Amino acid sequence: MNMEVIEKYRITTVNIGFLLISTLFVSIGLMHLFFERKKEKKEEVRISLTPEDVKNVKESWAKAEPHAALAADIFYEKLFRDEEVKALFPEDMTDQKERLMKVLSMVVGSIEDISTLIPKLQHLGKIHYEKKVKEKQYDWVGNCLLETLIDALTKEVMTDAVVDSWLKTYAILAQTMKGDLYK
Ligand code: HEM
């Protein structure tokens, strides 16, 4: 072998070595990003309710529940201010109003251990995803729900602390329903 061939062979070997090492580093980097992202996703769901939140939500819901039909009317009137959201729903809303109130009662009823509802809520979230509900529309629903509770129960019952407890409860609800569907 002459010197030129040996030199070419050496350069090729060095280049392949560099390529392999770079690939290894890039792969390690990507794996690191992947696992960090997974960790972030898990941490997002850790909102917890204090005993005070549980008490606030239970007591205020007990006052709203006897007027559930009226509350549902107010809620959907508020919700349908957004035409895009309105278009997702059927003309006859009788059943839908009942179903929503039932789910809310179920959530409040199990609020001490909301984790028992995870499978049901995940299933409900999947139904919504398949109906083309957008992620940002969950914020709009939460906003209308809170407005409804304040209108129906007044600021006397819906104090800042009670509103805060409802915001946390809704965030848990919405996050569980959305799960990883929009990621
Ligand atoms: C935590 C929030 C939510 C709760 C608890 C909830 C609750 C429910 C329930 C119980 C149903 C009936 C499901 C069935 O039995 O088939 C339903 C249906 C539906 N929801 Fe929601 N929902 C939530 C968020 C949203 C959002 C963000 C949207 C989008 C604007 C939305 C739009 C719909 C639509 C379009 C239907 C189907 C109506 C029909 O075709 O009859 N929901 N929801």
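This is a predicted model: local features need pLDDT of at least 70, side-chain atom pairs count only at pLDDT 80 or more; totals for chains, interfaces and linings use all residues.
Student: Is Thr154 buried or exposed?
Tutor: Thr154 belongs to helix H7, and its phi is positive, at about 65°, although the residue is not a glycine. Around Thr154 there are 10 other C-beta atoms within 10 Å, so the residue is exposed.

Student: Where is Lys132 located, and why does it count as exposed?
Tutor: Lys132, a residue other than glycine, has a positive phi near 70°. Its place is the loop between H6 and H7. Lys132 counts as exposed because its C-beta neighbours inside 10 Å number 8.

Student: How are H3 and H5 oriented?
Tutor: Helix H3 (residues 68-79) packs with helix H5 (residues 94-109) at an angle of about 110°, and their axes are 10 Å apart. Angles of 65 to 115 degrees fall in one class, which makes H3 and H5 roughly perpendicular.

Student: Which residues of H5 make the contact with H3?
Tutor: By class, the contact has five nonpolar residues, one charged residue and no polar residues. H3 contributes Ala68, Ala72 and Tyr76, whereas H5 contributes Lys97, Leu100 and Met101.

Student: Which element gives the most to the shell around the ligand?
Tutor: The ligand is surrounded by 19 residues, the closest being Leu88, Arg99, Val133, Gln137 and Val141. Two or more residues of the shell come from each of H5, helix H6 (118-130), helix H7 (137-157) and helix H8 (160-178). By class, the shell has 14 nonpolar, three polar and two charged residues. The element that gives the most, with four residues, is H5.

Notes: Residues are numbered from 1 along each chain as its sequence is written. Axes are lines fitted to C-alpha atoms, for helices over the stretch in contact, and angles run from 0 to 180 degrees between N-to-C directions. Angles under 35 degrees count as roughly parallel, over 145 as roughly antiparallel, 65 to 115 as roughly perpendicular and the rest as oblique. Two residues are in contact if their C-beta atoms, placed from the backbone, lie within 7 Å. Ala, Val, Leu, Ile, Met, Phe, Trp, Tyr, Cys and Pro count as nonpolar, Asp, Glu, Lys and Arg as charged, and the others, Gly among them, as polar. A residue is near a molecule or strand if its C-beta atom, placed from the backbone, lies within 6 Å of it. A residue is buried if 20 or more other C-beta atoms lie within 10 Å of its own, exposed if 12 or fewer, and partly exposed in between; C-beta atoms are placed from the backbone.
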